[in-house]
Every structure is written in C-alpha cells, then in structure tokens.
Amino acid sequence: MAGSGWTEGAAPVRRRGPELERAILDAALEQLGSVGWNALTMEGVAAGARTGKAALYRRWPSKADLVADVLRRGLPALGETPDQGSIREDLYRLCVRMRDVMRSPAGMALRAVLHECDPSHGDLFREVIWQGLHEPAHEVIGELLLRGIQRGDVRPDATSPLITDVIPAMLMYRAKVCGSEWPDREIAEMIDGLMVPMLRA
C-alpha cells in the first residue's frame, strides 16, 4: 500500500497500549484524507499501522466507531479568544480559528465523512460534530457576547441560543451547500454585514 510504510509479508511492529492506539488512529486519519470514508477499510488501516485487524476490533467494533474516535480526538480545540477590543474583532478572530480547524487534517476528514457517509451513520457523526465543533463554538460565542455586553458594544438582550447558532450555521451551510472555503474576505463580510448590525448596542 503506497504511503503506508507496509510491504507485503512485513511483520507487524510490536507496540502496545497508547503507542499502538496512536499508530492506528494516525493511519485511519491518513487514509480518510487519501481515500475517503467509502474506500477506507479496517484492513487498510491495520496495514497502515503495521498491525493486525484484531488490534483494531479489540478497540473499535466497526469502521464507524473507529472513524468517530479519530475525529473526536483529532479535531483541534478552538481555545480561548483574547480580547481584541470589540465584538467585531473578537468574532472575526473566532471565525478564522473555526475555519482553520475545518482545514486541519481531522477537519478535512470530517468533511469527507459528511459528504460520503450513508444515513445509517448520520446520527453518530452528527454527535461528533456537535461535541467537537458546535458545542465548543456556542460556548466561546456566548462568552464573547457577554464580554461585549460588559464592554458596551453588544446589546444587553443578545443572549438567545439562536444568536449563538448564527455563525456555526452560516459556516456549515456555506461550506456544505455552496462549497465556500471561507476566505478572510467572506468572514469579514459576514461579521460586518450580519453579526455586528444584529448585535449592536
């Protein structure tokens, strides 16, 4: 298999515990990026990790469980957004970070899974998206809105969950339906034309 470091007849590398698990997760992520969800197999991942299929099935009962774990562990954290002095700059920096997370290897793998997976796995991956992206984004946006209210550039009643939904919904919709890669210009246009007028004190 090209790029896997595996040759026909090569003996599995003897690793155990976290080291073996990390090798399997790395191999699965690499294959998601190169062949996508549909073509990914447990056999291919085992070959890429230079281990046997039994090592995978002891930890993950199915391909879907393995991929969900890869995405949960691989998506970079949003982290904190330092105070930029205005809600406009705070939200802009956050959106750039969210875009960069989706451009990471795990983010690109997640997008491939969303495009390819069948409805039977939809609920599993929706949970991964919610826990790995939407929930952290909602939490950070809520913190930024409270910061803006205290600073005086966000209206005091701008605390509805619907408001914190707007940015994640826009990013996901435009990426999935319109194929947008969210260049800086489009992020600025969304913040200036939509978010700031809606939040203005």
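1. A bit of housekeeping before we start. Residue numbers run from 1 along each chain as its sequence is written, and side-chain values use heavy atoms, with hydrogens and water left out. As the model is predicted, local features need pLDDT of at least 70 and side-chain atom pairs count only at pLDDT 80 or more, while totals for chains, interfaces and linings use all residues.

2. Let's take the largest pocket, which holds about 330 Å³ of space. A pocket here is an open set of points on a 1 Å grid over the protein atoms alone, where a 1.4 Å probe fits, with protein on both sides within 12 Å along at least five of seven lines; lining residues have an atom within 4 Å of a point. The volume is the space filled by probe spheres set on the points, which are joined across faces, edges and corners.

3. Who lines the largest pocket? There are 18 lining residues, and Met 102, Arg 111, Leu 171, Met 172 and Ala 175 lie nearest the centre. By type, the lining has 10 nonpolar, 3 polar and 5 charged residues (nonpolar: Ala, Val, Leu, Ile, Met, Phe, Trp, Tyr, Cys and Pro; charged: Asp, Glu, Lys and Arg; polar: the others, Gly among them).

4. Helices 5 (87-103), 6 (105-116), 7 (122-151) and 8 (161-177) each give at least two residues to that lining. Helix 8 gives the most, with 5. (Helices are DSSP runs of H or I, at least four residues, numbered from the N terminus.)

5. On to salt bridges: the whole structure has 17, each being a side-chain nitrogen of Lys or Arg within 4 Å of a carboxyl oxygen of Asp or Glu. Take Glu 43 and Lys 53, whose side chains meet at 3.4 Å, N to O. Glu 43 sits in helix 2 (residues 42-49) and Lys 53 in helix 3 (residues 53-57), so this pair ties together parts 10 residues apart in sequence.

6. Now look at Arg 174 and Glu 186, which pair up at 3.5 Å, N to O. Arg 174 belongs to helix 8 and Glu 186 to helix 9 (residues 184-199), so parts 12 residues apart in sequence are tied together.

7. Finally, check out the network of salt bridges that links Asp 83, Asp 90, Arg 147, Arg 151 and Asp 153.
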